[in-house]
Amino acid sequence: MRPFFSFTLYTLLFLCALASCQRTVHVVPAEATAANGSERVALRPEDSLQFRLFFLDAIRQKGVGRIDAEFELLQEALAIHPEAPEALYEMAVIELQHTAYSDTLLKKQGTDHLRKAIALDPHNLFYKQTLAEFLANKAEFREALLLYEEIADSKPSTETLMMLVWLYGQVSDYAGVIRALERMEQLDGPSEQISLTKFQTYLEMKDDEQAYRAIEDLCAKYPSDLRYRVLLGDMYDQNGHHEMALDIYRDVLTAEPNNSYAQLSLLAYYQAAGADSLYLDLLHRVVLNPHTQSDTRVEVLRAYAARQMQRGADMEPVMALFSKALQMPQEDADLAEMYFYALAGAKQSDDLLLEAARHALEIDPTRNSMRLQMLRIYLERNDLQTVIDVCRLGRQYNPAELTFNYYEGLVLYQKGQDRDAILTLRLGASHITDDSDPELCSDLYALLGDILYDNDNPDAAFRAFDKALHYNAGNITCLNNYAYYLSLIPRDLDKAERMSRLTVEADDSAATYLDTYAWILFLQKRMDEARTYIDRALKCCSDVDELSSVVLDHAGDIYYHTGDKAQALSFWKKALKHTNDRALQRKLRRKVAYRRPVP
């Protein structure tokens, strides 16, 4: 049986985005009587004037976007008159909208100020709506409901009633949803959308009688819209009246053979009934019908593929049907992309996956997901030149996708094309926005920093590392490299030690991080600590890689300065044996020859 749409989906479709109203600032005389009937504290004329000057200047600063200045002026105004609702309201707006998300103290102050403003001026709907919107965004639905009910009672509007529909739905108060919908009908008159939302709400309430009545009314009012007939059939089917449902589906398809709603419902009906031959026959007719809408074809094939996978059945018929469907004209790349994932789910070869991804990109060259999948496969194959080609096309069609800049820069760096790598990474950085993935931004800047340092530009490298840590303060690789490069100059060793310590705390079994930390401690002349950490680094790496050679070299220096000169010499000799780095070889030969550290 085809499931009904959820209540949330229908109500979200039903709710339009509420435009934020420009608030008109009303300066209430400081000595006026409060709206709730209580007497305001009368101010001296000079205090009243001073309050007005501070408050109006605050509003002027707000108009030019100088929020800090507005905040300070409002503080001055409230110091003179702490019960001025207009000033309390403006202060609350700052505290609720212009503070850090995690600053719970200021958020509480903001809600307190707003509640106080409402208490002082309970008829001001602007104040109530601001607090209600904030509470709704914080998922404090019940308190928001009370405020929206007060607003709707004072000044009913479509927007307010729609918010009540949504809020009552969030707390599963479906009777409240119906009440709000009926008030909307009284305000705006009956509508198709209100009737449909009432039908869905009755379903959530399990009030079948009202649900049947609502959907039958829709069928009567809109006889040309056959989807309501299909929904009626779905309801019959879910309540066990299968033959009545089947009659409706067939009637709809007789009147409109390509009705996607009826096709999907009938397929679900056949599947639930175990009528496999009827299911497969209709499935093929729907998929291969050139008049079938693209999204319907995709949904039908997705359901068929999922069904076969769940049953552990042969996937060959699925792939054969995909192939036939893909030979038809394609409105978009959705079907080709789904075919790719069906192949992946069936654990087909990478060559078949690449062919499917290419087909999707032929239909829609901007289909980012498919190019990223191609990139993944070529990275796994270590096909570096093809990685570059894929990334360059990706940057052409999806310039905001930083993944292409990152991997193209990485491969160019590996191929020794440092200048091109730097240009590619900087181009990627120019496309960073507030919506960009912060971890990817961090990795991109960290890689740029590594390359810049290798190209004798440490200042630019350190600026890049700072950017990387701005986007992800926990980027462990960046912290390690930044700290190590500072130690090589040496510069800012205290900062280097703090960063390196974070890497060791994050992973105390990584030889790279332990070695960096030990070396920085050595440069800070904290010899005993340096020896402890270099010993741990030695235990975590083998003697056959370049890392070990660097670790052994550092170990030699540390051991020498802690008095174990014989062991230091042994470490240098081992490092010399296992490194191919000519610069390191020259340095180690001098240390072995002189039996001591040399510059």
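Predicted model: local features only at pLDDT ≥ 70, side-chain atom pairs only at ≥ 80, totals over all residues.
Arg381 sits in the loop between helix H20 (368–380) and helix H21 (384–397), and Asp351 sits in helix H19 (residues 350–363), so the pair ties together parts that are 30 residues apart in sequence. Arg381 is partly exposed, at 40% relative accessible area.

Glu497 pairs with Arg526 in another salt bridge, where the closest N and O atoms are 4.0 Å apart. Glu497 belongs to helix H27 (residues 493–506), while Arg526 is in the loop between helix H28 (511–523) and helix H29 (527–539). The pair therefore ties together parts that are 29 residues apart in sequence. Is Glu497 buried or exposed? Glu497 has a relative accessible area of 7%, so this residue counts as buried.

Glu46 is partly exposed, with 45% relative accessibility. As a general point, side chains of opposite charge can pair when their charged atoms come close.

## Nonpolar core

How many residues does the largest nonpolar core have? The core has 187 residues. Leu167, Phe199 and Phe322 have the most contacts inside it. Helix H24 (residues 438–454) gives the most to this core, contributing ten residues. In soluble globular proteins, nonpolar side chains tend to be buried together.

## Packing of H16 and H18

Two packed helices are described by the angle between their axes and the distance between the axes. For helix H16 (residues 294–310) and helix H18 (residues 334–345), the angle is about 5° and the axes are 10 Å apart. Angles under 35 degrees count as roughly parallel, so H16 is roughly parallel to H18.

Which residues make the contact? H16 supplies Arg297, Val298, Leu301, Arg302 and Met309. H18 supplies Asp334, Leu335, Met338, Ala342 and Gly345. By type, the residues of this contact divide into six nonpolar, one polar and three charged.

## Buried helix residues

Leu514 lies in helix H28. Its relative accessibility is 0%, so Leu514 counts as buried. Beyond its neighbours within four places in sequence, Leu514 is in contact with Val504, Asp508, Ser509, Tyr533, Arg536, Ala537 and Cys540. Leu514 and Ser487 are 27 residues apart along the chain, and their C-alpha atoms are separated by 14 Å.

Val390 lies in helix H21. Val390 is buried, at 8% relative accessibility. Leaving aside neighbours within four places in sequence, Val390 is in contact with Arg371, Leu375, Tyr378 and Phe404. Val390 and Leu372 are 18 residues apart in sequence, with a C-alpha to C-alpha distance of 8.6 Å.

Ser260 lies in helix H14 (residues 260–273). Ser260 is buried too, with a relative accessible area of 12%. Residues up to four places away in sequence aside, Ser260 touches Gln293 and Thr296.

## Backbone exceptions

Most residues other than glycine have a negative phi, and most peptide bonds are trans. Where does the model hold a cis peptide bond? A cis bond joins Ile489 and Pro490, with omega about -20°. Pro490 is in the loop between helix H26 (476–488) and H27.

Ala139 has a positive phi, near 65°. Ala139 is in the loop between helix H6 (125–137) and helix H7 (141–154). With a relative accessible area of 46%, Ala139 is partly exposed. Asp456 also has a positive phi, near 60°. Its place is the loop between H24 and helix H25 (458–471). Is Asp456 buried or exposed? Asp456 has 71% relative accessibility, so this residue counts as exposed.

Definitions and conventions
Residues numbered from 1 in each chain as written. Heavy atoms only, no water. Core = buried A, V, L, I, M, F, W, Y, C linked by side-chain atoms within 4.5 Å. Buried < 20%, exposed > 50% of the residue type's maximum accessible area, 1.4 Å probe, protein only. Helix = DSSP H or I, 4+ residues; strand = E, 2+ residues; numbered from the N terminus. Salt bridge = Lys/Arg side-chain N within 4 Å of Asp/Glu carboxyl O. Contact = heavy atoms within 4.5 Å. Axes fitted to C-alpha atoms, helices over the stretch in contact; angles between N-to-C directions. Parallel < 35°, antiparallel > 145°, perpendicular 65-115°, else oblique. Nonpolar A, V, L, I, M, F, W, Y, C, P; charged D, E, K, R; others polar.
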